Amino acid sequence: MAALCWEEFYRENPEPKHISFVKSQITEFCEKYRREQIPVVLVTSGGTTVPLEHNTVRYIDNFSAGTRGAASTEYFLTHGYAVIFLHRSKSLEPFTRHFPSSSLLEVLHIAHDHHGKDCIAVASDKVKDLLPVLQAYQTTRSSGKLLILSFTTLSEYLHMLRVAAEALQPLGRKALLYLAAAVSDFYVPHENMAVHKIHSSEGPLNLQLQLVPKLLQPLVRFWVPDAFVTSFKLETDEGILLEKAYQALQKYGHKLVIANQLHNRKQKVVLVSQEKQVPIVMTEEEMRQGKEIEEKIVLELTSLHTKFLHEIA
Ligand code: PMT
């Protein structure tokens, strides 16, 4: 069965309850930076879920830890961008990603203040790791340039994506979209979903998943026609990766596809545009030093965006 058209998808899958609050937050954020002439990037991150029941016990998930989006957000901030970080709830977030909860208590130790009372201090061997992150975090907090929003389901994500894209429209070319979220292509339509937990006593579960319409199409054509839109293409088969990236460019007419493979996504990506392919590769030495590929991706992307801003519209 063919996918619904995107308008039908939005009609049939209700908005999340807090959508008007989200909309006012994003609109206010975009309006502030439009007035200040500061570029704004929408970073999407993490995987969407497809619930099987309205009272959800089971769901299908898309793979993504959220590293790409969370790390890239930090680098966009260092390049002066204001960032809307739309991420899967409980996936990695900028700054806190450096301190997984399992190692959080390792960073602290019990000390004594000058009255001899117990207090908590950062272990001296951890200061060099913590200090730059804390400095960057505090700079971002006081600048107000980071808006963090979260989604869980596919439907929440797609509703929030549209609201965010529409709010970015007034920024014109100054808006950059960096769609790194891993978005499901299949779902259970709202009206076909079981209300309560599906029971095994009813026998084997036969699932028929419907196709999700590709939202890149209305996004590029109607919601942010002037923005610099970058999507990601994830494949596990290297043989088809670049071909798929070109197909996406052709079909949606956006600026750039960042092609990556699941197994080596932290070492290699290819920036594919109509004009050229730019591979970005991490050397063994860079990996050993703990450098991140997102630093290079964002450097290249912000420079492409700057060039785009200076082209005659
Ligand atoms: O988070 P990490 O663990 O660091 O991993 C990062 C990553 C591998 C998830 C990331 O780099 C990546 O590749 N993200 C995109 C994965 C993906 O869903 O690819 P896709 O081929 O299914 O979709 C391609 C594009 O179409 C995406 O930009 C998506 O936003 C868009 N899309 C997808 C489905 C849909 N219904 N509508 C869409 O517009």
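This is a predicted model: local features need pLDDT of at least 70, side-chain atom pairs count only at pLDDT 80 or more; totals for chains, interfaces and linings use all residues.
Reader: Which residue of strand 13 is opposite isoleucine 258?
Author: Leucine 271.

Reader: How many bridges between strand 13 and strand 14?
Author: There are 5 bridges, again in the antiparallel sense, and strand 14 spans residues 277-281. Valine 270 has proline 279 of strand 14 as its bridge partner.

Reader: And how many residues are in the hairpin joining those two?
Author: The hairpin from strand 13 to strand 14 runs through 4 residues.

Reader: Switching to the ligand. Which residues come nearest?
Author: Thr67, Arg68, Ser231, Phe232 and Leu234, out of 21 residues around the ligand.

Reader: Which element gives the largest share of that shell?
Author: Strand 11, with 4 residues. Helix 3 (67-78) and strand 11 (228-235) each supply at least two residues of the shell.

Reader: How does the shell divide by class?
Author: It has 11 nonpolar, 5 polar and 5 charged residues.

Reader: You mentioned helix 3. At what angle does it cross helix 10?
Author: At roughly 55 degrees; the axes of helix 3 and helix 10 (residues 293-310) come within 9 Å. That angle makes helix 3 oblique to helix 10. The crossing of this pair is right-handed.

Reader: Which residues make the contact?
Author: Helix 3 contributes Arg68, Ala71, Ser72, Tyr75 and Phe76, while helix 10 contributes Glu294, Glu295, Ile297 and Val298. By class, the contact of helix 3 with helix 10 has 5 nonpolar, 1 polar and 3 charged residues. Arg68 of helix 3 is in this contact, and Arg68 is also one of the residues that come nearest to the ligand.

Reader: Now the other pair, helix 2 and helix 6. How far apart are the axes?
Author: They are 9 Å apart, and helix 2 (residues 19-35) packs on helix 6 (residues 154-168) at an angle of about 30 degrees.

Reader: Why do helix 2 and helix 6 count as roughly parallel?
Author: Because angles under 35 degrees count as roughly parallel, and theirs is about 30 degrees. Helix 2 and helix 6 are therefore roughly parallel to each other. Helix 2 passes helix 6 in a right-handed crossing.

Reader: Which residues touch there?
Author: From helix 2, Ile19, Val22, Lys23, Ile26, Thr27 and Cys30 make the contact; from helix 6, His159, Met160, Val163, Ala164, Ala167 and Leu168. The residues of this contact divide into 9 nonpolar, 2 polar and 1 charged.

Technical notes. Residues are numbered from 1 along each chain as its sequence is written. A residue is near a molecule or strand if its C-beta atom, placed from the backbone, lies within 6 Å of it. Ala, Val, Leu, Ile, Met, Phe, Trp, Tyr, Cys and Pro count as nonpolar, Asp, Glu, Lys and Arg as charged, and the others, Gly among them, as polar. Axes are lines fitted to C-alpha atoms, for helices over the stretch in contact, and angles run from 0 to 180 degrees between N-to-C directions. Angles under 35 degrees count as roughly parallel, over 145 as roughly antiparallel, 65 to 115 as roughly perpendicular and the rest as oblique. A crossing is left-handed if the near helix is turned anticlockwise from the far one by less than a right angle, and right-handed if clockwise. Two residues are in contact if their C-beta atoms, placed from the backbone, lie within 7 Å. Two strands pair if DSSP finds at least two bridges between them.
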